[in-house]
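Subject: Structure for you to look at

Hello,

Here is the structure I said I would pass on. My notes on helix packing, the ligand site and the backbone follow below it.

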Amino acid sequence: MSDYRIETKCIQSGWHPTKGEARILPIYQSTTFKYDTSEQMGDLFDLKASGYFYTRLQNPTNDFVAAKICDMEGGAAAMLTSSGQAANFYAVFNLAEAGDHIIISSALYGGTFNLLTTTVAKMGIETTVVDPEISLEDLRKEFKPNTKCVLAESISNPSLVVLDFEKFAKAAHEAGVPLIVDNTFPTPVNCRPFEFGVDIVTHSTTKYMDGHAVSVGGCIVDSGNFDWTKYPDKFPGLCYPDESYHGTNYTEQFGKAAYIVKATATLMRDLGSIQSPQNAFYVNLGLETLHLRMQRHCENALKVAKWLKANENVAWVNYPGLEGDVYYERAKKYMPNGTCGVLTFGIKGGREASIKFMDALKLIAIVTHVADTRSCVLHPASHTHRQMTDEQLLEAGVKPDLIRFSVGIENADDIIADLEQAFNCLK
Ligand SMILES: *Cc1c(COP(=O)(O)O)cnc(C)c1O
């Protein structure tokens with residue numbers, strides 16, 4: 001499959017039926033799987049044979065969808081999780097445990113920021129937060145002997161910072177740790193982080209991948225490029241026998257799939273954040289049109305961004321696809337075909353005017369969501385990011401007057417007309 005272009009992979013990767021099998025990916029709505037002998041079952045538990053035995057660990061529907069996303073990203077192995085939160089948690093917790101240290105970009109989705117600063121701290125993992133525009137020199141100084149990974153977002157939600165992939169990859173690799181990137185916003189249609197040195201990619205499939213706002217889900221993809229065996233004492237869980245799994249040595253037995261097999265065999269086994277096969281089926285349907293939708297999301301967002309930029313009521317607009325944006329040049333380099341459908345802007349008159357404006361919208365809804373077919377807005381300071389202090393908000397690149405606008409794939413002129421009538425209500 002891997003030679004096909006991204007549009008073909010969106011449709012054809014993953015499920016490959018043969019003679020008499022369902023043309024469309026079946027939903028394996030079964031918790032368990034049958035074997036004929038006790039020995040067959042025993043070999044599965046020993047990881048000697050591969051096969052399904054219990055859906056908390058693996059399910060065929062999920063695995064075919066994970067294989068499609070893996071192919072789209074150009075990875076070596078992948079797994080689905082119940083949510084994007086679970087994907088980012090597993091991606092980190094598969095490497096770092098109590099007593100370890102991680103480095104994260106300050107420009108992150110609020111939920112991820114909270115997870116990786118507050119919740120993992122309770123598990124004994126120490127986190128250093130860095131500005132994504134930190135110099136390479138200063139970034140190098142943040143690594144410690146117990147640092148296990150670096151995590152950032154390719155386009156951050158909602159601050160829309162386009163990551164300098166090469167700077168972060170260089171610093172991480174010099175320190176002997178992998179770079180994990182949440183690629184939810186551009187999706188592999190617009191950006192493939194493995195091409196720029198990223199080692200592991202995560203997704204909230206809830207967003208563009210599903211794209212219709214019907215199922216919460218996540219995905220982790222490993223490039224297979226990070227050589228864990230160069231640093232066995234840093235990554236003992238991957239390089240030494242796992243006593244909780246019959247002495248399995250993941251890197252020896254599974255090579256490039258080691259990281260994903262370990263996450264499945266230990267984290268999914270013990271924590272159980274499995275995506276339901278029904279939801280995985282919806283994600284797969286979404287993926288089939290992802291390349292078409294991303295193109296339209298980007299076209300519409302650019303039209304709206306230009307219109308807002310020229311509007312007298314608007315104080316500022318951020319959209320990495322808009323010429324003149326701080327991240328325009330970097331976006332051109334890493335995602336030349338488009339960025340995403342999300343933009344942010346501020347209204348003259350600040351907080352009060354923003355709320356009045358949003359309440360006047362008719363077509364565009366106020367929704368805690370981004371990246372589905374329908375246009376929607378959100379005011380992070382009073383919604384998604386309300387757990388953050390003003391200082392943390394600014395650190396994450398979120399201005400208190402910021403309106404996050406997820407531009408849908410309706411007719412762009414209708415979207416603009418709705419904005420216009422809402423602005424008229426401010427008068
Ligand atoms: C929404 C989102 C998440 C969290 O995903 P859920 O599926 O809601 O758990 C993580 N990262 C980014 C960039 C997101 O937009």
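Helix 4 and helix 5 are oblique to each other. This is a predicted model, and in it the axes of helix 4 (residues 84-93) and helix 5 (residues 110-122) come within 10 Å and cross at roughly 45°. Angles under 35 degrees count as roughly parallel and those from 65 to 115 as roughly perpendicular, so the pair is classed as oblique. The crossing of these two helices is right-handed. On the helix 4 side the contact is made by Q85, N88, F89 and V92, and on the helix 5 side by G111, T112, L115, L116 and V120. By type, the residues of this contact are five nonpolar and four polar, with no charged residue.

Helix 4 also packs on helix 11 (residues 258-271), at an angle of about 115° and with the axes 10 Å apart. That crossing is right-handed too. Helix 4 contributes F89, Y90, A91 and F93 to the contact, while helix 11 contributes Y259, L267, M268 and L271. The residues here are eight nonpolar, with no polar and no charged ones. F89 is listed in the contact with helix 5 and again in the contact with helix 11.

Next, the ligand. It is surrounded by 16 residues, of which G84, D182, S204, T206 and K207 are the closest. G84 belongs to helix 4 (residues 84-93), and a backbone N or O atom of G84 lies 2.9 Å from an oxygen atom of the ligand.

N157 leads on to the backbone. Most residues other than glycine have a negative phi, and most peptide bonds are trans. The peptide bond from N157 to P158, however, is cis, with omega near 5°. P158 sits in the loop between strand 4 (147-153) and helix 7 (165-174). L160 is also placed in the loop between strand 4 and helix 7, and its phi is near 60°, a positive value in a residue other than glycine.

When you open the model, please look at the N157 to P158 bond, which is cis, and at L160, where phi is positive.

Regards

Technical notes. Residues are numbered from 1 along each chain as its sequence is written. This is a predicted model: local features need pLDDT of at least 70, side-chain atom pairs count only at pLDDT 80 or more; totals for chains, interfaces and linings use all residues. Side-chain values use heavy atoms; hydrogens and water are left out. Axes are lines fitted to C-alpha atoms, for helices over the stretch in contact, and angles run from 0 to 180 degrees between N-to-C directions. Helices (H or I, at least four residues) and strands (E, at least two) are DSSP runs, numbered from the N terminus. Angles under 35 degrees count as roughly parallel, over 145 as roughly antiparallel, 65 to 115 as roughly perpendicular and the rest as oblique. A crossing is left-handed if the near helix is turned anticlockwise from the far one by less than a right angle, and right-handed if clockwise. Contact means heavy atoms within 4.5 Å. Ala, Val, Leu, Ile, Met, Phe, Trp, Tyr, Cys and Pro count as nonpolar, Asp, Glu, Lys and Arg as charged, and the others, Gly among them, as polar. A residue is near a molecule or strand if one of its heavy atoms lies within 4 Å of it. A polar contact is a pair of N or O atoms within 3.5 Å; within protein, one must be able to donate a hydrogen and the other to accept it, and residues adjacent in sequence count only if both atoms are side-chain atoms.
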